[in-house]
Amino acid sequence: KNDPSDFISLEYVGLVKENPYDYRADTWVAQDMFVFNVKYKHKKGTRVRVNAEFGNVKNAQRQAERYAFVVGQMPYVLLRDVDTITVHKGEESFGGRNRDILVHTGDGEKLMRDGFLEEVVFHEACHTSLDADAYENPAWEKARLMDNNFISIYARNFNRDNPEDIVGEDLAESCLMYFASKYRPDRIPNGIKNLILKTIPSRINYFDKYVMFDNDTYMGSL
């Protein structure tokens, strides 16, 4: 949580009718939202949309700043396709894709208490900015087949239930562990690092070749 963020400030736009996804309804819901333009050092064109259920601009801005900051902590390559950050109340899961990162603050509070908020945002940003490439790149499916294993139960179970989905939860789960083993090895036990390297070596080669973390402005800032 103490890592640097690209976040600088917010500019309030107004109360706007938006049509975001809401996991509480499990569908797209037209609703009024407090909208803020985000000023990042490098990323341009991102907005935060905060559900009007938060009551007023001050409350909405507090939520917008919290999550815009965390999103700004992500490697820049993961922010490429993030146009919006959507914030609702509710103890529902976070979400990615659709050029959006979806937040439910009830779940967010739990993640902050448990120390996993940044990792979950990383996971969702992978969905938003990396999934589409993997669906179209035959090297991803080849890497999965060569590894013949999954880095997490979550990724494995999703694949079992949706065998036709060659990306599913697998890429987002794998990429987070790849990033930890390559760029944050001091923050994980050696046993975990070795398990990652042993379990998904072909996926690691995929990320090395097709996801440009090494050329990332974020990496330069560290």
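The model on screen is a predicted one.

**Stop 1: the two cysteines**

Keep both residues selected. A disulfide is a covalent bond between the sulfur atoms of two cysteines. To count as one here, the two sulfur atoms must lie within 2.5 Å. Seen from Cys175, the closest cysteine sulfur is in Cys126, and at 3.8 Å it is too far for a bond. How many disulfides does a search of the whole structure find? The search finds zero.

**Stop 2: helix H3**

Select residues 117-136, which make up helix H3. This helix has 20 residues, and the distance from its first C-alpha to its last is 29 Å, close to the 28 Å expected at 1.5 Å a residue. Look along the helix to Leu130, where H3 bends by about 55°. Of the 20 residues of H3, 14 are buried, so the helix is largely enclosed by the rest of the structure.

From Leu117, step to Asn190, which is 73 residues away along the chain. The C-alpha atoms of these two residues are separated by 23 Å. Asn190 is in helix H7, residues 190-199. With 58% relative accessibility, Asn190 counts as exposed.

**Stop 3**

Five of them form an open sheet with mixed pairing, in the order S1-S4-S5-S6-S7. Its edge strands are S1 (7-18) and S7 (100-104), each of which pairs on one side only. From one strand to the next, the twist averages 20°.

**Stop 4**

Strands of a sheet pair through backbone hydrogen bonds, either parallel or antiparallel.

- S1 and S4: ten bridges join them in the antiparallel sense. Select Glu11 and find its bridge partner in S4, Asn37. S4 is mostly covered, with seven of its ten residues buried.
- S4 and S5: the pairing is again antiparallel, over five bridges. Select Val35 to see Arg49 of S5 opposite. In the hairpin of S4 and S5, six residues lie between the strands, and Gly45 takes a positive phi near 85°.
- S5 and S6: residues 47-51 and residues 84-88 run parallel and are joined by four bridges. Val48 has Ile85 of S6 as its bridge partner, and Arg47 stands opposite Thr84.
- S6 and S7: these strands run parallel, with five bridges between them. Ile85 has Ile101 as its bridge partner in S7.

**Stop 5**

Show the side chains of S6 first. Which residues are on each side of S6? Thr84, Thr86 and His88 are on one side, Ile85 and Val87 are on the other, and all are buried. That is five of the five residues of S6.

Move to S7. Asp100, Leu102 and His104 are on one side and Ile101 and Val103 on the other, and both faces are covered. Because five of its five residues are buried, S7 is largely enclosed by the rest of the structure.

**Stop 6**

Most residues other than glycine have a negative phi, and most peptide bonds are trans.

Asp26 is in the loop between strand S2 (21-22) and strand S3 (27-28). At 52% relative accessibility, it counts as exposed.

Arg97 is in the loop between S6 and S7.

Conventions:
Residues are numbered from 1 along each chain as its sequence is written. This is a predicted model: local features need pLDDT of at least 70, side-chain atom pairs count only at pLDDT 80 or more; totals for chains, interfaces and linings use all residues. Side-chain values use heavy atoms; hydrogens and water are left out. Two strands pair if DSSP finds at least two bridges between them. Helices (H or I, at least four residues) and strands (E, at least two) are DSSP runs, numbered from the N terminus. Axes are lines fitted to C-alpha atoms, for helices over the stretch in contact, and angles run from 0 to 180 degrees between N-to-C directions. Buried means under 20% relative accessible area, exposed over 50%, partly exposed in between (1.4 Å probe, protein chains only). The expected span of a helix is 1.5 Å times one less than its number of residues. The bend at a residue is the angle between axes fitted to the seven residues ending there and the seven starting there.
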